[in-house]
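Subject: Structure handover

Hello,

Here is the structure I said I would pass on. My notes on what was found in it follow below.

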Amino acid sequence: MDEQYSFLKQIDPESSNLIKGLQQIQAVEGYVSDDAIRAAAEYFNIPEVEVEGVLSFYAQFKRVKPGKYQICVCDGTACHIKGAPLVHEWLKQELGLDPGETDADGIFSVETVACLGCCSLAPVMSVNGKVYAKLDRKNLKKILKEYAEK
Ligand code: FES
């Protein structure tokens, strides 16, 4: 097994621990790469295709490397009603990204998440955990510009 994934050795290599192993990989690398799939398959003695099956079944796992700035657009009920689909449209126009995508430079990635817990401030998104509320096109542009210039 690739030395990069030696942290898996802290987990018992029972096949029932596969999800735990994949969670660990994602915690370390931010996503589960093709190399990580190979390493997990080898370590837990499970065919790669089965590991991929588990990854596609559970929404918690990311297969695309996240950007330096991870944009999470809330699509809970309140945010959906107050414009989450529009926020995605603006992000598509500004960054060319749909949910689940990362830009070519690895700066921004976009994903959809469930309620961020501040529904009265909808529509809401977070960037690397920092919450931005009452989004409109103008303040979204400003927020993106600030991160792009960091
Ligand atoms: S629905 Fe978006 S914060 Fe609750």
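Helices (H or I, at least four residues) and strands (E, at least two) are taken as DSSP runs and numbered from the N terminus. With that in place, Lys-134 is found in the loop between E5 and helix H6 (137-148).

Two remarks on how to read the rest. This is a predicted model, in which local features need pLDDT of at least 70 and side-chain atom pairs count only at pLDDT 80 or more, while totals for chains, interfaces and linings use all residues. Residues are numbered from 1 along each chain as its sequence is written.

Overall layout

The protein has 6 helices and 5 strands, and along the sequence they follow the pattern α-α-α-β-α-α-β-β-β-β-α. Taken along the principal axes, the C-alpha atoms fill a box of roughly 50 × 30 × 25 Å. There are two domains, domain 1 (3-57) and domain 2 (69-148), with bounds that come from an automatic or database domain assignment. Their centres, taken over C-alpha atoms, are separated by 30 Å.

Of the 150 residues, 24% count as buried. A residue is buried if 20 or more other C-beta atoms lie within 10 Å of its own, exposed if 12 or fewer, and partly exposed in between, with C-beta atoms placed from the backbone.

Helix H1 (residues 18-29) packs with helix H3 (residues 48-57) at an angle of about 70°, and their axes are 11 Å apart. H1 is therefore roughly perpendicular to H3 (angles under 35 degrees count as roughly parallel, over 145 as roughly antiparallel, 65 to 115 as roughly perpendicular and the rest as oblique). The axes are lines fitted to C-alpha atoms, for helices over the stretch in contact, and angles run from 0 to 180 degrees between N-to-C directions.

On the H1 side, Leu-18, Ile-19 and Leu-22 meet Val-51, Val-54 and Leu-55 of H3; two residues are in contact if their C-beta atoms, placed from the backbone, lie within 7 Å. By class, this contact has 6 nonpolar, no polar and no charged residues (Ala, Val, Leu, Ile, Met, Phe, Trp, Tyr, Cys and Pro count as nonpolar, Asp, Glu, Lys and Arg as charged, and the others, Gly among them, as polar).

In helix H2 (residues 34-44), the residues Ala-36, Ala-39, Ala-40 and Phe-44 are buried. Seen down the axis of H2, the buried residues fall within an arc of 110°, so they line one face of the helix; the arc is that of the directions from the helix axis to the C-beta atoms. These buried residues pack against H1 and H3.

Loops and backbone details

Asn-45 is in the loop between H2 and H3. Its phi is near 55°, a positive value in a residue other than glycine. Asn-45 counts as exposed because it has 10 C-beta neighbours inside 10 Å.

Lys-134 also has a positive phi, near 45°, and is likewise a residue other than glycine. With 13 C-beta neighbours inside 10 Å, Lys-134 counts as partly exposed.

Pro-66 sits in the loop between H3 and strand E1 (69-74). Not counting residues up to four places away in sequence, Pro-66 touches Gly-30, Tyr-31, Thr-102 and Ser-109. It is partly exposed, with 19 other C-beta atoms within 10 Å.

Finally, a cis peptide bond joins Ala-122 and Pro-123, with omega about -5°. Pro-123 lies in the loop between strand E3 (108-113) and strand E4 (125-127).

Regards
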